[in-house]
Amino acid sequence: KMCTTSWLTLLFLATLAENSVGFAIGGVASLNGAPPRLRGGASRMASEPTMCAKPVLYDMPVSNNGARCRIIIYKKGIQDQVTIKSPMDLGGLRSPEYLALNPQAKMPLLVAGTMALPESDTICRYLLDRFQDSSPSFVPTTPEARAKSNLLSRLHDMYLTTIQGALYKAQPPFGIYGSRLEALQELQTQLHILNSAADADGPYIAGQDISLADATVFPTLVFVEHMLPLYASAEAEQFDLKAVLGERLHRWYLEMQTHDAVFQKVHTEIKTALDGWSGKGRWHDILHAGAKDMAASTIFDKILAKQIPADVIFEDKLVVVFKDINPQAPTHWLVVPKTRQGLTQLREARAEHASILGHMMTTIAKVAKEKQLGDYRVVVNDGPKAGQEVYHLHMHVVAGRDFAWPPG
């Protein structure tokens, strides 16, 4: 109704109301030489055009973060009040037009009048506020359920979406991780933490009422269901979604797909987009997905599995350092990554190997210092003509004698 009323009329009525209040309270308005403003009165008028502008959500079906906004729009039935467009309508995420609205070059983005609003959680809260008269409210009825909803949304946004790129990005970083495998392991850890925070009884993720957490978490689980199986090892058994998500999340995820038409719709939107990615070979060259390590196992695999003994001098979760059984110097160590990750040779290294290669080098420096090694040489043999015998990348550390240059 505000949008169909003359602004001049509203301004006149607001001013009249303020003057009337001033008169009614015995001339208080004259103390400051101006009438007091009613809360939400004429001072608010400048913001009203934004409220009247039909919001535009720039989003695409493949976006899990945008999908939470779409769930709210669909559930509230406000499709006629919010226009959904592709970022391509502005030339794409990197176009000057889009960057002027969202310098982060990400989606979703909501534009309402002169206000450009990025970040999906903020967009959702704006939609819930602006269209609060349309049900459902997405606000649970108890303080405890509201707190649980906020916690679940926060856990999701802080610890899942920040590393979800490991599922589909070609190269690192994946949040704080340079290694895809480490990021994927952490993602699964965070899913179990989210599962523990979910309501045990449901039917919704935070309890009896649908909440923002339902809209937030559900689309990301579509990602997990579609993409995580791509990274299963060749020896792994059939992908077990329940084991990955945990009992509560798994039950809730299936329940929403089965009994809620809007969540079914969004599931189909995302899955169709992801199937499109698959059809275009999105994961074909991604390490551990399309590009799996299919090379034959080596003696190092047996050493790492402790099937063959080795004189280990250092070990952490990523590498092991042990003495070479055929030493070429008084001190001769081998530094071996515990997971080969396709690194049969150094020539196979790619951007996401930078993390493990760097860790191998810093491990050498650490252990050499602890062992008071003094001067030493680090060698990587790449290929048979360079002397490589075991096709599982490793570094030699040799010390205890003088070395000539060039090496022979």
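**Figure 1. Cysteines C69 and C124.** The structure holds zero disulfides, a disulfide being a pair of cysteine sulfur atoms within 2.5 Å. The sulfur of C69 is too far for a bond from the closest cysteine sulfur, that of C124, because 3.8 Å lies between them. C69 is buried, with a relative accessible area of 0%, and C124 is likewise buried at 0%; buried denotes under 20% relative accessible area, exposed over 50%, and partly exposed in between (1.4 Å probe, protein chains only). The model is predicted: local features need pLDDT of at least 70, side-chain atom pairs count only at pLDDT 80 or more, and totals for chains, interfaces and linings use all residues. Residues are numbered from 1 along each chain as its sequence is written, and side-chain values use heavy atoms, with hydrogens and water left out.

**Figure 2. Confidence along the chain.** The mean pLDDT of the chain is 89, and 87% of its residues reach 70 or more; pLDDT is the predictor's confidence in each residue, from 0 to 100. Over residues 4-48 the pLDDT is below 50, and this stretch has 29 contacts in the model beyond near neighbours in sequence, contact meaning heavy atoms within 4.5 Å. Where pLDDT is low, the predicted coordinates should not be read in detail.

**Figure 3. Helix 3 and its surroundings.** Helix 3 comprises 13 residues, 64-76, and reaches 19 Å from its first C-alpha to its last, close to the 18 Å expected at 1.5 Å a residue. Helices (H or I, at least four residues) and strands (E, at least two) are DSSP runs, numbered from the N terminus, and the expected span of a helix is 1.5 Å times one less than its number of residues. At the N-terminal end, S63 caps helix 3, with a side-chain oxygen 3.5 Å from the backbone nitrogen of N65. Just after the helix, G77 takes a positive phi of about 65 degrees.

**Figure 4. Strand 3 and its partners.** From strand 3 (residues 109-112), L109 and V111 point one way and L110 and A112 the other way, and all are buried. Strand 1 and strand 3 run antiparallel and are joined by three bridges, with L57 opposite L110; two strands pair if DSSP finds at least two bridges between them. Strand 3 also runs antiparallel to strand 4 (residues 115-118), through four bridges, and A112 stands opposite M115. The hairpin of strand 3 and strand 4 has two residues between the strands, and G113 there takes a positive phi near 65 degrees.

Figure 5. A232 lies in the loop between helix 8 and helix 9 (241-245) and counts as partly exposed at 28% relative accessibility. The C-alpha atoms of A232 and K292, 60 residues apart along the chain, are separated by 9.5 Å. S233, in the loop between helix 8 and helix 9, is partly exposed at 41%. The C-alpha atoms of S233 and H288, 55 residues apart along the chain, are separated by 7.7 Å.

Figure 6. Most residues other than glycine have a negative phi, and most peptide bonds are trans. H288 is not a glycine, yet has a positive phi of about 80 degrees; H288 lies in the loop between helix 11 and helix 12 (299-304) and is buried at 10% relative accessible area. Q372 has a positive phi near 50 degrees. Q372 is found in the loop between helix 13 and strand 8 (376-379) and is exposed at 71% relative accessibility. The peptide bond from W405 to P406 is cis, with omega near 5 degrees, and P406 is in the segment after strand 9 (395-399).

**Figure 7. The surroundings of T344.** T344 is in the loop between strand 7 (331-337) and helix 13 (354-370) and is buried, with a relative accessible area of 12%. Leaving aside neighbours within four places in sequence, T344 is in contact with A295, Q388, Y391, H392 and L393.

Key:
Polar contact = N/O pair within 3.5 Å; in protein donor to acceptor, adjacent residues only side chain to side chain.
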